[in-house]
Amino acid sequence: MSKHLKVALVDDDIPNTEVLRDFLIRNGYSHVDKYHDGESFLESLDRFDERAVVLDFDLSGGGELNGLEVLEAIKERSPSTHVIFFSGQDSLEVAVESLKNGADDYIVKSNAAFALVKTSLDKVYDLQVLRTSEKRSQRISLLLAIGWVSTLAVVAYFLAGR
Amino acid sequence: MEIIERLSAGDPEKKKYYIRLFLDTLEPELVNLKGADVAAHQEPIRAILHKLKSQVQTIGAREAHALMAEQEQRIKEGGRIEQEELDHTCQALSDLIENLQELLK
């Protein structure tokens, strides 16, 4: 089943990013962008960007910014964007710092890492689906309320006319 | 190699494509690693080991991955690696590259 969640992979590791992208596509994520440095990703970032971002910490092979700096910039420009930190650094300090700065998850690159990224994205997707259905039911409730008020107003108008 | 096998799903051309993708990074980085000066500041060596570590892991070379991870960690913690250890890592990487090149034939 195709999942309507756009994903951005930000990692300077070119072959692993390519493999992860193919893995996610095979698992239902049809729209996966790749960026090999934080700067080019940030250029593409919109306000209220709906993509989930899988972000590496050490981006030194690509640009000047590291993952934490990119995370900070994402949260400044588009606070609702979901960010999954995906790092080769098995460092408690980096993990705590990323979660404190708004990352949704921290995954250490390991044999099981691709599957863990997918699981984390699935959670973001489920949350997005839930929020969309909540918004829809709020809209329906609002429309029903407007309908009732209008009906009552019409009834009141006719009653007043008598 | 498991993930590559799974993604290529029996398509030999797709498998070769992934292998070439990894070789494109591993080969030049092996040259950089061989040319690294262990007597100097070791941060450039750490950066190469960090970069290669994840790729070697995806390919499934567990021993080479463990070796690189341990050496990267040691340098990160302020320690050093000796020329002999670097040569050992280069040899492991060289063997891995050879195996991958064999798979392309």
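This is a predicted model: local features need pLDDT of at least 70, side-chain atom pairs count only at pLDDT 80 or more; totals for chains, interfaces and linings use all residues.
1. Chain B contains five helices and zero strands, and its elements, read from the N terminus on, follow the order α-α-α-α-α. The radius of gyration of chain B is 14 Å, close to the 13 Å that the globule rule gives for 105 residues, so chain B is as compact as a globular protein of that length.

2. The C-alpha trace of chain B spans about 45 × 20 × 15 Å along its principal axes, and buried residues account for 32% of the 105 residues in the chain. When contacts in chain B between residues at least 6 apart in sequence are considered, 61% of them join residues at least 24 apart.

3. Within chain B, helix α4 (residues 62–76) packs with helix α5 (residues 83–104) at an angle of about 150 degrees, their axes being 10 Å apart, and the crossing of α4(B) and α5(B) is left-handed. On the α4(B) side the contact is made by B:Glu63, B:Ala64, B:Leu67, B:Met68 and B:Gln71, while α5(B) contributes B:Glu85, B:Thr89, B:Ala92, B:Leu93 and B:Leu96. The residues of this contact of α4(B) with α5(B) comprise six nonpolar, two polar and two charged.

4. Between the chains, 16 residues of chain A are in contact with 15 residues of chain B. Helix α1 (residues 14–26) of chain A gives the most to the side of chain A that touches chain B, providing eight residues. By residue class, that side of chain A divides into five nonpolar, five polar and six charged residues.

Definitions and conventions
Residues are numbered from 1 along each chain as its sequence is written. Chains are lettered from A and ligands numbered from 1 in the order in which they are written. Two residues are in contact if their C-beta atoms, placed from the backbone, lie within 7 Å. Helices (H or I, at least four residues) and strands (E, at least two) are DSSP runs, numbered from the N terminus. Ala, Val, Leu, Ile, Met, Phe, Trp, Tyr, Cys and Pro count as nonpolar, Asp, Glu, Lys and Arg as charged, and the others, Gly among them, as polar. Axes are lines fitted to C-alpha atoms, for helices over the stretch in contact, and angles run from 0 to 180 degrees between N-to-C directions. A crossing is left-handed if the near helix is turned anticlockwise from the far one by less than a right angle, and right-handed if clockwise. The radius of gyration is taken over C-alpha atoms; the globule rule is 2.2 Å times the number of residues to the power 0.38. A residue is buried if 20 or more other C-beta atoms lie within 10 Å of its own, exposed if 12 or fewer, and partly exposed in between; C-beta atoms are placed from the backbone.
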